[in-house]
Amino acid sequence: MSTCQPFSIMRLTHEAIRSGLNQLEELNKDLSAANAGSLKATFEEVKRVIALHANQEDNAFYPPLEEKRPNLTDAFSEEHEAEHHAFDHLTSLMDDLPENRSNLPQVKNAMSEWIAQHRDHLKHEEDILMKVLPKAFTYVESVAVVRSILDYDLDEFEQFQLAWVFERLKGPQRKVYLGMLKGCSPAGKYPDFVARIRPLLHSDEHISYEQEGLFA
Ligand SMILES: [Fe+2]
Ligand SMILES: [Fe+2]
């Protein structure tokens with residue numbers, strides 16, 4: 001029996017992004033010259049993960065969904081567009097951090113506004129889009145859509161996003177994520193993904209995943 005839930009990729013990537021947003025919020029709460037460098041580095045990572053996730057959505061997820069439910073995704077593409085502007089604004093505000101502290105109050109405000117805005121976006125997608133998926137796609141269609149999501153920028157997924165997301169998932173979520181990869185990886189890629197994930201596993205996860213045939 002397959003344990004693959006194809007669209008768990010979207011939901012679980014959101015969970016990992018939420019964990020990154022929480023980390024940013026913590027740093028931003030006590031923003032000072034001392035932790036400005038950490039905020040900037042964490043923001044760059046979160047931004048990179050969101051950039052790939054949004055590109056996957058715009059190019060590989062929304063188009064097949066539009067075919068099933070016309071005009072459903074317009075509002076979300078607009079939210080992505082607004083996000084690009086917020087990213088540009090924050091990136092320029094943070095450009096000369098941590099050396100130049102004069103921007104810290106503006107960074108703090110813009111960061112907390114953007115975090116709230118992005119949390120709303122994640123929830124909006126979950127409340128509207130994710131509820132439609134089981135009715136809109138057959139299982140076979142879902143696997144094909146998720147395979148093309150993974151294929152969209154395979155290098156960036158494999159080199160960065162895969163481990164970044166997996167590290168931030170909790171035990172049961174990790175297993176679902178791995179099951180999704182096993183069922184939906186582009187041809188021949190699953191062993192490479194497993195090789196990336198193995199070093200991140202605790203020893204009990206190693207044993208149980210092995211026993212359940214999740215690495216095969
Ligand atoms: Fe999105
Ligand atoms: Fe999303």
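Reply: Let us begin with contacts: two residues are in contact if their C-beta atoms, placed from the backbone, lie within 7 Å. Apart from its neighbours within four places in sequence, G179 is in contact with T3, C4, Q5 and L214. Please note that this is a predicted model, in which local features need pLDDT of at least 70 and side-chain atom pairs count only at pLDDT 80 or more, while totals for chains, interfaces and linings use all residues. Residues are numbered from 1 along each chain as its sequence is written, and chains are lettered from A and ligands numbered from 1 in the order in which they are written.

Me: Where is G179 placed, and how many other C-beta atoms lie within 10 Å of G179?

Reply: Burial is read from a count: a residue is buried if 20 or more other C-beta atoms lie within 10 Å of its own, exposed if 12 or fewer, and partly exposed in between, with C-beta atoms placed from the backbone. G179 has 19 such atoms and is therefore partly exposed. Its place is in helix α7, residues 171-184. G179 and P6 are 173 residues apart along the chain, yet their C-alpha atoms are separated by 8.6 Å.

Me: Is E81 buried or exposed?

Reply: E81 has 11 other C-beta atoms within 10 Å, so it is exposed. This residue is found in helix α3, residues 74-93. From E81 to S112 there are 31 residues in sequence and 19 Å in space, C-alpha to C-alpha.

Me: How many helices and strands are in the protein chain?

Reply: Helices (H or I, at least four residues) and strands (E, at least two) are DSSP runs, numbered from the N terminus. The protein chain has nine helices and zero strands. Buried residues make up 24% of its 216 residues. Among the contacts with a separation of 6 or more, 77% are between residues 24 or more positions apart.

Me: How is the packing of two helices described?

Reply: Two packed helices are described by the angle between their axes and the distance between the axes. Axes are lines fitted to C-alpha atoms, for helices over the stretch in contact, and angles run from 0 to 180 degrees between N-to-C directions. The axes of α3 and helix α4 (residues 104-136) come within 11 Å and cross at roughly 160°. Angles under 35 degrees count as roughly parallel, over 145 as roughly antiparallel, 65 to 115 as roughly perpendicular and the rest as oblique. α3 is therefore roughly antiparallel to α4.

Me: Which residues of α3 and α4 meet?

Reply: On the α3 side they are F76, E79, E83, A86, H89, L90 and L93, and on the α4 side Q106, V107, A110, M111, W114, Q117, H121, E125 and L129. For classes, Ala, Val, Leu, Ile, Met, Phe, Trp, Tyr, Cys and Pro count as nonpolar, Asp, Glu, Lys and Arg as charged, and the others, Gly among them, as polar. This contact of α3 with α4 has nine nonpolar, four polar and three charged residues.

Me: At what angle do the axes of α6 and α8 cross?

Reply: The axes of helix α6 (residues 154-168) and helix α8 (residues 190-197) cross at roughly 55° and come within 10 Å. α6 and α8 are therefore oblique to each other. E158, L162, A163 and F166 of α6 make the contact with D192, F193, R196 and I197 of α8. By class, this contact has five nonpolar, no polar and three charged residues.
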